[in-house]
Amino acid sequence: MPQPTEAPDAPDELVGPLERGLAVLRAVAAGPDVRHRPGDLARTTGLARSTVDRVATTLVRLGVLRAEGRDLLLAPGAAALGNAYLASCGLPELLGPHAVALADTLDESVSVAVPDGDGVRFLTQATRRRAMAISFRTGDLLPAERCAPGALFAARWDAADLEGWRARRARDPLDAGFPSVPPRPSAPPGPVEAEFLDRVRKARETGLAVDDQLIEPGLLAVALPVRGPDGAVVCAVSVVSHSSRHSATTLTERALPSLRRAVTAMEEALAAAGVPGGTASAAPVPSAPGLKEELGSGFLQSLARGLDVLSAFASVRGPARLSELARLTGLPRATARRSLITLRHLGYVREEPEGFVLLPRVLELGHARLSGLSLPEIATPHLVALVLRVHESASVAVLDGDDIRYVARVASTRIMHIDITVGTRLPAYATSMGRVLLGALPAAERAERLGRITPEALTPRTVTSRAGLDEAVTATAARGYGWVEQELEEGLRSLAVPVTNGTGRVVAAVNVALHAGRGPAEASLAALLPALRETAARISTDLSTVSRFSPTAPN
């Protein structure tokens, strides 16, 4: 992936551990490989292996990376860095609803993107469910010359911007540094430049741009710029379709009237919000209290503080003043200032008269990959840790009609264990996870679902009446956990707690299942409930972080 353009000389106040930590994080996030060995990262970044080890230790403890054996992987906590930009700029929140409305009107996918150097960075999208799906992940970067928004943004380039684009094309003529697009089979520089500059000229003249299968065969798009209150182009909104449904001409004719109305609504939303300026959310809590004392020289406190400064932008809409960021992080102004100088040097922050502005390049720190995680992918590492801790099988399930459906599971290594696989469906009323999920429903919906259960379904092992079942579900909701003792099957004991998303809504449940012969019910509850609640809290936190600006698939 293209690297930030750095100043010729590093500033005197550069925070070295922050610079090196972000280099390691970029290396983990870039390219097709999900897993990385520290030795490979040392070679990629040019850092000493001991330095990489200290950086990795710090980032793992901060929840930005996670370790599986000798491998390092992105952790959901890294999504908070990209979330800081998305919250600070305000565009997904302000423009996302209009993108969804436009997609509903046209029955085509719609995306919103911003310029990022000589590339185009996607921020939000509203997709259509079709066999031939068209979608990009939040944070994906495309070359400007291979998408419709790129021509709109390049219409504002000066001579230095154009030379920078040519230099990047010379270094990477096949676009290998853009993993979100297929590499070019060939790329003669002359024809590519001539064709792109012609589209830029047309975009400058007409105010719109068309992508006629530039990214890959069959993909079409038409885009318009969205301007802020000062008249400057803030982003571009695209309607995306496929050549099986449209030609570039028919897509433009069909989409343009609705697209223009959507752009007007978006510009009105930006003006009404008064972007930039204002508070976006509550203050973040500094991420590393006590870790330096615990880990000593193995923990890079200045790296942790720099990431705190970056994350603090989530609490300020638009430019943030140094005093605001110092207050939000609890850091001395001088410490926060050195972190900002480093982030500015690396191309993640721009200084303006009103304050510091976080830039979309922050999304390169793993946000695209993390925004595509599903609930099972988020939950499974936590289930592994839970099973290692309690030595019993653990699962996550969602409500699917009147059943629960298992979406993630880790079995214990006991000779006798519960034999259930992902995809298994069980009646919700008879399971601990089902009762947790039913208990979280609005009262009317819960009553309607329970009312569909026939008396014949209530076996002697289960609650023997609908009234008793309603009492069991109500009690589950009141105490915050579900407990089923040999109801679904003789000898099977199960304990479950809810998993919530960023709005606090229960979206899944996590359980531990074991044989009832292991010991008294009270002993099982005392031994398992604290660990299960901690696991649910970690899954909920990761789910909230990853899904803040991108919906998370349940399976």
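Predicted model: local features only at pLDDT ≥ 70, side-chain atom pairs only at ≥ 80, totals over all residues.
## Two residues with positive phi

His391 sits in a loop. Helix α15 (375–390) lies on one side of that loop and strand β11 (393–400) on the other. The phi angle of His391 is positive, at about 60 degrees, although His391 is not a glycine. Most residues other than glycine have a negative phi.

Gln213 has a positive phi too, of about 65 degrees, and is not a glycine either. Gln213 belongs to the loop between β6 (209–212) and β7 (219–227). Its relative accessibility is 37%, so Gln213 counts as partly exposed.

## Three residues in helices

Thr252 is part of helix α9, which covers residues 248–273. With a relative accessible area of 16%, Thr252 is buried. What does Thr252 touch, not counting residues up to four places away in sequence? The answer is Val210 and Val222.

Thr329 is found in helix α12, residues 322–329. Its relative accessibility is 4%, so Thr329 counts as buried. A polar atom of the Thr329 side chain lies 3.3 Å from the backbone oxygen of Ala326.

Ala537 is found in helix α19, residues 521–546. At 41% relative accessibility, Ala537 counts as partly exposed. Ala537 and Ser186 are 351 residues apart along the chain. Their C-alpha atoms are separated by 49 Å.

## A residue before the α1 helix

Leu14 lies in the segment before α1 (16–29). Leu14 and Ile341 are 327 residues apart along the chain, yet 6.5 Å separates their C-alpha atoms. Which residues does Leu14 contact, leaving aside its neighbours within four places in sequence? They are Glu19, Thr342 and His345.

## Three helix pairs

Two packed helices are described by the angle between their axes and the distance between the axes. The table gives both values for each pair.

| Helix pair | Angle between axes | Distance between axes |
|---|---|---|
| α2 and α3 | about 115 degrees | 9 Å |
| α11 and α13 | roughly 80 degrees | within 9 Å |
| α12 and α13 | about 110 degrees | 9 Å |

Start with α2 and α3. Helix α2 spans residues 38–45 and helix α3 spans residues 49–61. At an angle of about 115 degrees, α2 is roughly perpendicular to α3. Their crossing is right-handed. On the α2 side, the contact is made by Pro38, Gly39, Leu41, Ala42 and Thr45. On the α3 side, Arg49, Val52 and Asp53 take part. By class, this contact of α2 with α3 has four nonpolar, two polar and two charged residues.

Next come α11 and α13. Helix α11 runs over residues 301–312 and helix α13 over residues 333–345. Their axes cross at roughly 80 degrees, and α11 and α13 are therefore roughly perpendicular to each other. From α11, the contact draws on Arg305, Gly306, Val309 and Leu310. From α13 come Thr335, Ala336, Ser339, Leu340 and Leu343. The residues of the contact of α11 with α13 divide into five nonpolar, three polar and one charged.

Helix α13 also packs with α12, at an angle of about 110 degrees. That makes α12 roughly perpendicular to α13. What is the hand of the crossing in which α12 passes α13? The crossing is right-handed. Leu322, Ser323, Leu325 and Ala326 are the α12 residues that meet α13. Their partners in α13 are Arg333, Ala336, Arg337 and Leu340. Sorted by class, the contact of α12 with α13 has five nonpolar, one polar and two charged residues.

Some residues turn up more than once. Ala336 and Leu340 of α13 take part in the contact with α11 and also meet α12. Ala326 of α12 meets α13, while its backbone oxygen lies 3.3 Å from a side-chain polar atom of Thr329.

Note on methods
Residues numbered from 1 in each chain as written. Heavy atoms only, no water. Axes fitted to C-alpha atoms, helices over the stretch in contact; angles between N-to-C directions. Helix = DSSP H or I, 4+ residues; strand = E, 2+ residues; numbered from the N terminus. Parallel < 35°, antiparallel > 145°, perpendicular 65-115°, else oblique. Left-handed = near helix turned anticlockwise from the far one by under 90°. Contact = heavy atoms within 4.5 Å. Nonpolar A, V, L, I, M, F, W, Y, C, P; charged D, E, K, R; others polar. Buried < 20%, exposed > 50% of the residue type's maximum accessible area, 1.4 Å probe, protein only. Polar contact = N/O pair within 3.5 Å; in protein donor to acceptor, adjacent residues only side chain to side chain.
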